[in-house]
Amino acid sequence: MRKILSVLMICASLVITAQNRLDEELKAEELPAVVIKNAGSDFSVYLPDRNPDAKVRAMQDKFIGYDLGIVDGEHEYLVMFEAKDARLVATYNENGKLIKVVEKYENVKLPRSVIFSVYKSFPDWTIVQDKFLYTQADGDVLKKQYNVKLKKGDQTKNVVIKPNGEIMAKL
């Protein structure tokens, strides 16, 4: 009887542990709204984008977890993350403070607002290519836009769209 109870308790603890790990894995995919890291006597601020594309979230998650090793005597650090159709470049000062982040992603999953805006404004056109550009400096977002290439027969058109669906430029 003791053996049966021991086996049952071990099985229950394994199930609970597995569930806790599963919960942790699910939470790890959710990016925080703001990331603040200590950089000497100053702070670095990074604002991850809540983009629907997993490639964007994965790159930003990798960047958030990166630990910058400070080398004495260096004035500025440039850190680059690259993957297929994704690039993130970050600049840090000599104290390790994040100065600027430039992100560029190609062929991403577009937000519904962008897709709706394109098909409403250009009903007979097809999206053939897209890029997501996201730039920030000192915790302020400088650029957040989608560059979308449209095609209709032999004609092509480039459109710049904000994430809320507002068309900024027709090129």
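This is a tour of the model in selections, going from the sheet to its helices and then to single residues.

The model is predicted, so local features need pLDDT of at least 70 and side-chain atom pairs count only at pLDDT 80 or more, while totals for chains, interfaces and linings use all residues. Residues are numbered from 1 along each chain as its sequence is written, and side-chain values use heavy atoms, with hydrogens and water left out.

**Stop 1: the sheet**

Select the strands S3 to S9. They form an open sheet of seven strands in the order S3-S4-S5-S6-S7-S8-S9, with antiparallel pairing. Strands (E, at least two residues) and helices (H or I, at least four) are DSSP runs numbered from the N terminus, and two strands pair if DSSP finds at least two bridges between them. Strand S3 (76-83) and strand S9 (167-170) are the edges, each pairing on one side only. From one strand to the next, the twist averages 15°. Strands of a sheet pair through backbone hydrogen bonds, either parallel or antiparallel.

**Stop 2**

Select S3 and S4. These two run antiparallel and are joined by eight bridges; Leu78 has Thr91 of S4 as its bridge partner. The hairpin of S3 and S4 has two residues between the strands, and Asp85 there takes a positive phi near 60°.

Strand S4 (residues 86-93) and strand S5 (residues 98-106) run antiparallel, with seven bridges between them. Thr91 has Lys100 of S5 as its bridge partner, and Ala86 stands opposite Tyr105 in S5. The hairpin of S4 and S5 has four residues between the strands, and Gly96 takes a positive phi near 90°. On to S6: S5 and S6 pair in the antiparallel sense over seven bridges, and the bridge partner of Lys104 in S6 is Leu133.

**Stop 3: helix H2**

Select residues 54-64. This is helix H2, which lies across S3, S4, S5 and strand S6 (126-137) and runs at about 155° to S5. Axes are lines fitted to C-alpha atoms, for helices over the stretch in contact, and angles run from 0 to 180 degrees between N-to-C directions. Contact means heavy atoms within 4.5 Å.

Which residues of H2 are buried? They are Val56, Met59, Gln60, Phe63 and Ile64. These residues are on the same side of H2 because they cover an arc of only 140° around the axis, the arc being that of the directions from the helix axis to the C-beta atoms. Buried means under 20% relative accessible area, exposed over 50%, and partly exposed in between (1.4 Å probe, protein chains only).

At the start of H2, show Asp53: one of its side-chain oxygens comes to within 2.7 Å of the backbone nitrogen of Lys55.

**Stop 4: Asn51**

Step back to Asn51, in the loop between strand S2 (42-46) and H2. Asn51 is buried, at a relative accessible area of 2%. Its side chain reaches the backbone nitrogen of Asp53 at 2.8 Å and makes a polar contact with the side chain of Tyr146 (2.9 Å). A polar contact is a pair of N or O atoms within 3.5 Å; within protein, one must be able to donate a hydrogen and the other to accept it, and residues adjacent in sequence count only if both atoms are side-chain atoms. Not counting residues up to four places away in sequence, Asn51 touches Val56, Arg57, Lys109, Phe132 and Tyr146.

**Stop 5: Ala90**

Go to Ala90 in strand S4. Ala90 is buried, with a relative accessible area of 0%. Leaving aside neighbours within four places in sequence, the contacts of Ala90 are Phe63, Tyr77, Leu78, Val79, Leu98, Lys100 and Val101. Tyr77 is 13 residues from Ala90 along the chain, and their C-alpha atoms are separated by 8.1 Å.

**Stop 6: helix H3**

Select helix H3 (112-121). Its buried residues are Val114, Ser117 and Val118. They cover an arc of only 100° around the axis, which puts them on the same side of H3. These buried residues pack against S6, S7, S8 and S9. The face turned away from the buried side carries the exposed residues Arg112, Phe116 and Lys120.

**Stop 7: the core**

Finish with Phe63, Leu88 and Tyr105, which touch the most other members among the 29 residues of the largest nonpolar core. A nonpolar core is a set of buried Ala, Val, Leu, Ile, Met, Phe, Trp, Tyr and Cys residues joined through side-chain atoms within 4.5 Å. Elements that give two or more residues to this core include H2, H3, strand S7 (140-152) and strand S8 (155-161).
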